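My notes follow the order in which I checked things.

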Amino acid sequence: MLEVDNLHVSYGAIKALHGVSLKVPQGSIVTLIGANGAGKSTTLRALSGLVKAASGSIRYAGEEITNLPAHKIVSRSLCHVPEGRMVFANLTVKENLAMGAYLQRDKAWIAKQTDYVFRLFPRLKERENQAAGTMSGGEQQMLAIGRALLSNPKFLMLDEPSLGIAPLLVKSIFERIVEINREQGLTILLVEQNANLALDVSSYGYVLETGKILLEGPSAELKANPKVQEAYLGA
Ligand code: ATP
């Protein structure tokens, strides 16, 4: 479904990605792991048109989307949940979800999908009238995912959903990610520093190091790889 070939991205003189290639098959969860500054967020930003690719290609559903403007990529049902979540702090939970649905015209679908998000994250239902900025980091992460689901995506990019969240809540959010993949048929590219959990929920993984893919393989194989264990799993 998504194919990235030999992607290069620079920020001025800084080369952030030099030759990243990866594939995300339809219906799968694929994870991209790597240390701070490896280029994980940059990869997602390039996929969603927020930074320009200097060279290389990104194909989605058989079509070239490299360097299309971000709104054109969103309109093809790719949705990016950025690191740091970026919920609208002054709006309530309900209003944030409504903002996610701003391109949707079918009111019945919006109501049904909002119910789905509230079933997935009952905590959001309990707090539907609370200002998003006053919620905990984990609750805001749920909201960011919920808001993304209201845009009716087919391809979801999640940038470090575990960042700054208590371990118990992280586990629960990852379980919901698996549910979303199964129940909504969503294809997911998950970027994570928490390699353990990310490899548990994904079928295939890539290890990014200083802008290059160092290793790739089925998640279970990566998890068993001594190099990965030493560098990313704290073994
Ligand atoms: P983290 O896990 O810390 O978020 P990451 O793997 O997502 O890291 P990126 O944020 O993609 O890494 O950064 C890759 C490299 O590009 C880093 O060296 C970073 O300093 C650099 N970089 C990122 N954004 C910019 C920018 N706007 N201007 C200049 N350099 C940048």
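Predicted model: local features only at pLDDT ≥ 70, side-chain atom pairs only at ≥ 80, totals over all residues.

I take helices as DSSP runs of H or I with at least four residues, numbered from the N terminus.

The chain averages a pLDDT of 94, and 99% of the residues score at least 70. For the complex, the predictor gives an ipTM of 0.92 and a pTM of 0.93.

Next I listed the surroundings. I found 15 residues around the ligand. Asn-36, Gly-37, Lys-40, Ser-41 and Thr-42 come nearest. By class, I sorted the shell into five nonpolar, six polar and four charged residues.

Then I went through polar contacts, for which I used a cut-off of 3.5 Å between N or O atoms. Which part of Thr-42 lies 2.5 Å from an oxygen atom of the ligand? I found a polar side-chain atom there. At Ala-38 I noted a backbone N or O atom 3.1 Å from a ligand oxygen. At Gly-39 a polar backbone atom is 2.9 Å from an oxygen atom of the ligand.

I looked up the cover last. On its own, the ligand has 630 Å² of accessible area, and the protein covers 65% of this. I also wrote down the elements that give two or more residues to the shell: strand 2 (14-24) and helix 1 (40-47).

Key:
Residues numbered from 1 in each chain as written. Heavy atoms only, no water. pLDDT = per-residue confidence, 0-100. Near = heavy atom within 4 Å. Polar contact = N/O pair within 3.5 Å; in protein donor to acceptor, adjacent residues only side chain to side chain. Areas by Shrake-Rupley, 256 points an atom, 1.4 Å probe, with all protein chains shown as cover. Nonpolar A, V, L, I, M, F, W, Y, C, P; charged D, E, K, R; others polar.
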